[in-house]
Amino acid sequence: MNIRQGHFINGKSKHRVQDFHFSFEDPVVAHFQEVFNDDWFFSHGEKLCRKKWFPSIEHQAEAFARGISHGPDENLNKLLWVILSACHVARKSLIIMSPYFLPDATLISALCLASMRGVQVDILLPEKK
């Protein structure tokens, strides 16, 4: 989320930002807890105690979600590979949500091919006002 003075919607800024906020439930939260813990360790050298910092997660829903970690501690572009894989195996729909979606020619081709196969392709990006 872009939280800083220049992004507040107060009528004064020419480059206001409206972020998309959401909440997660069920097992995907555990994945984000692990990613946060890994990022915290990378930047601070401290492992956070799971019981103290992260509540237990109980499975309640049937929907599937996956978070993809990617940061300065990794050289492999996992996000690109996951999206390309999703483009090739999607049967009904493909939803991509990213604040920094900059597809290269290969990814654009994969998205087009998925769409031409009848896959509903939706890409959610921040709104520019």
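This is a predicted model: local features need pLDDT of at least 70, side-chain atom pairs count only at pLDDT 80 or more; totals for chains, interfaces and linings use all residues.

Me: What is the mean pLDDT of the chain?
Reply: The mean pLDDT is 79, and 71% of the residues reach 70 or more.

Me: Which elements have the lowest and the highest mean pLDDT?
Reply: Strand S1, residues 17-18, has the lowest at 62, while H4 has the highest at 96.

Me: How many helices and strands are there, and in what order do they run?
Reply: The chain has four helices and four strands. Starting at the N terminus, the order is β-α-α-α-β-α-β-β.

Me: What share of the residues counts as buried?
Reply: Of the 129 residues, 20% are buried. The accessible surface of the chain is about 10600 Å², and carbon and sulfur atoms hold 58% of that surface.

Me: Which residues make up the largest nonpolar core?
Reply: This core has 12 residues: Ile83, Leu84, Cys87, Ala90, Leu94, Ile96, Phe101, Leu107, Ala110, Leu111, Ala114 and Val119. H4 contributes the most, with four residues.

Me: What does Ile96 touch, leaving out residues up to four places away?
Reply: Ile96 touches Ile83, Phe101, Leu111, Asp122, Ile123 and Leu124.

Me: Back to H4, then. Which of its residues are buried?
Reply: Leu107, Ala110, Leu111 and Ala114 are the buried residues of H4. They lie on the same side of H4, because they cover an arc of only 100° around the axis. As a general point, an α-helix has 3.6 residues a turn, so residues three or four places apart point the same way.

Me: And what is exposed on the other side?
Reply: Ala105 and Met116 are exposed there.

Me: What do the buried residues of H4 pack against?
Reply: Their partners are H3, S2 and strand S3 (120-124).

Me: How far apart are the ends of H4?
Reply: The end C-alpha atoms of H4 are 16 Å apart. This agrees with expectation, because 12 residues at 1.5 Å a residue should span 16 Å. Just after H4, Gly118 adopts a positive phi of about 100°.

Me: Turning to Val121: where does it lie, and what does it contact?
Reply: Val121 is in strand S3. Apart from neighbours within four places in sequence, Val121 contacts Leu94, Leu111, Ala114 and Ser115.

Me: One more helix. Which residues of H1 are buried?
Reply: Val28, Val29, Ala30, Gln33, Val35 and Asn37 are the buried residues of H1. They pack against helix H2 (50-53).

Me: What span should H1 have, and what follows H1?
Reply: H1 comprises 18 residues (27-44), and at 1.5 Å a residue it should span 26 Å. Its end C-alpha atoms are 26 Å apart, which agrees. Gly45 follows H1 and has a positive phi, near 70°.

Key. Residues are numbered from 1 along each chain as its sequence is written. Side-chain values use heavy atoms; hydrogens and water are left out. A nonpolar core is a set of buried Ala, Val, Leu, Ile, Met, Phe, Trp, Tyr and Cys residues joined through side-chain atoms within 4.5 Å. Buried means under 20% relative accessible area, exposed over 50%, partly exposed in between (1.4 Å probe, protein chains only). Helices (H or I, at least four residues) and strands (E, at least two) are DSSP runs, numbered from the N terminus. Contact means heavy atoms within 4.5 Å. pLDDT is the predictor's confidence in each residue, from 0 to 100. Accessible areas come from the Shrake-Rupley method with a 1.4 Å probe; for residues, only the protein chains shown count as cover. The expected span of a helix is 1.5 Å times one less than its number of residues. The arc is that of the directions from the helix axis to the C-beta atoms.
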